Amino acid sequence: MSDILTAVIPVVIIAVICGAVLVIASKLMAVKQDEKFPAIRECLPGANCGACGFAGCDGYAKALCDDPKTPVNLCIPGSSAVAKKLSDVLGVECSDVKKQIAVVHCSGDCSKTQDKYIYQGIENCQAAKLMYGGKGSCTYGCLGLGDCAKACPQNAISVKNGVAVVDPKLCIGCGICRNICPNKLIFLTESTQKAVITCSNHDKGAVTRKLCSNGCIGCKKCERICKSNAIKVIDNLAVIDYNKCVDCDDFGVCAKNCTTGCIKTI
Amino acid sequence: MTKLIIILLSAVFINNYVLSKFLGICPFLGVSKKLDSATGMSLAVIFVMLMATAVTFPIQKYILDPNNLGYLQTIVFILVIASLVQLVEIILKKYLPSLHKSLGVYLPLITTNCAVLGVTILNINENYTFIEAMVNSLGSGLGFFLAMVMFSGVRSTMEGSDIPESFRGLPITLIAASITSLSFMGLGGVIENLFGGV
């Protein structure tokens, strides 16, 4: 019995001393944390996507604590629901978040374009672009090596037949892919806007035609057909002005009538 | 003095905790991906090893040994190291927030780092004096630092190389670790001979 006690007692004493020191230390040296911080952090979705412009959700929550002027509607994945919750916690007014999704402005997949050469380097768009602007015939188009797909925090992007495709259901609109694409093909649009020009080629029509059977040749047919004058051909490429593009009566008429099929609806 | 230098150098190069004794392998494989996190982790380990030795050595000599409680060594040391790391974290958070932030998650991770427990127990087993024990812990920490920094270099080189599909990720990392370890085996006997076989 005494053997057990001589073993147990010193361990208990050491444990109690350690515990007491830790308790005292944590009381004496407690760092004041903003009471609002856990509450704010709780509101945010925790995707750490960086769409708000801060380093992750913790960074945004800290900025909201420290600077009352930080807008509460910066969280795009969380959209209006999160902005509402944040404004309740902080007691400030909130404005709606416009839900955005990413769209790829290229549809020149492997069946529409030809390869200039066989690429055997590392699987990275940035690296492939250094080799004569990529292996595909069109230097404006998607390089198809999936830098965006790797960067996407939601796995919403997949490379299908050589072109990146965004799944609108999974996309949270954080914009990481937009910043990473070396050809700047990915744009964020508000999800209510439904017609997209899936081409970024500024070459003249005849040149584009040779490179890609799905490219915009600048024929201006869409320009004539759009009743709200939302489409303009600028520098041999059709561009949609989303301030003018509304849900028109014959929605999708521009997509149906496009000569090469590069206008798509989402 | 010569003995201290021998202890220090052999702890760094010959009895390297990671590459020769295979203790603390999990941070070695887990945190060595980037140089700055490897450096942060190793600095924290050096710090905790020194602190742990300074505390556990007197406990062994003045509490456990006189009462014939040597068999409690492991559990008492774990207890002391765990609370010591927590205490250090509290102190750093209050007085050196920038260091606390740069060490980040690595400090609590060290609680479960077997290299720290290993160094404190081996200090006792080797019958070192207090000074020698401290020098040995410093050397072990530096050895850990050396292994981490070297291996993060190896890994960053591997990032850009074309590795066969089936070897990618952990397999090639383990192979690289074994080759790094093998290279350290070549240093055996060098330090003893440098000082004329003391």
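1. Is Met51(B) buried, exposed or partly exposed, and how many other C-beta atoms lie within 10 Å? In this predicted model, Met51(B) has 17 other C-beta atoms within 10 Å and is therefore partly exposed. A buried residue would need 20 or more, and an exposed one 12 or fewer.

2. Met51(B) sits in helix H3 of chain B, which covers residues 35–64. Setting aside neighbours within four places in sequence, Met51(B) is in contact with Leu84(B) and Val88(B). Val85(B) is 34 residues from Met51(B) along the chain, and their C-alpha atoms are 9.0 Å apart.

3. In chain A, Met29(A) belongs to the loop between helix H1 (2–28) and helix H2 (36–43). Met29(A) is partly exposed, because 14 other C-beta atoms lie within 10 Å. Its contacts, leaving out residues up to four places away in sequence, are Ile90(B), Ile91(B) and Lys94(B).

4. The contact between the chains involves 13 residues from chain A and 15 residues from chain B. On the chain A side, eleven of these residues are nonpolar and two are polar, with no charged residues.

5. The largest nonpolar core has 57 residues, and Val104(A) and Val166(A) touch the most other members. Elements of chain A that give two or more residues to this core include helix H4 (79–90), strand E1 (100–104) and strand E3 (163–166). Val104(A) touches several residues beyond four places in sequence, among them Cys142(A), Val166(A), Leu185(A) and Ile186(A).

6. Another core, of 30 residues, lies apart from the largest one. Its members include Leu19(B), Val88(B), Leu107(B) and Phe151(B). Val88(B) is also one of the contacts of Met51(B).

Terms used: Residues are numbered from 1 along each chain as its sequence is written. Chains are lettered from A and ligands numbered from 1 in the order in which they are written. This is a predicted model: local features need pLDDT of at least 70, side-chain atom pairs count only at pLDDT 80 or more; totals for chains, interfaces and linings use all residues. Helices (H or I, at least four residues) and strands (E, at least two) are DSSP runs, numbered from the N terminus. Two residues are in contact if their C-beta atoms, placed from the backbone, lie within 7 Å. Ala, Val, Leu, Ile, Met, Phe, Trp, Tyr, Cys and Pro count as nonpolar, Asp, Glu, Lys and Arg as charged, and the others, Gly among them, as polar. A nonpolar core is a set of buried Ala, Val, Leu, Ile, Met, Phe, Trp, Tyr and Cys residues joined through C-beta atoms within 7 Å.
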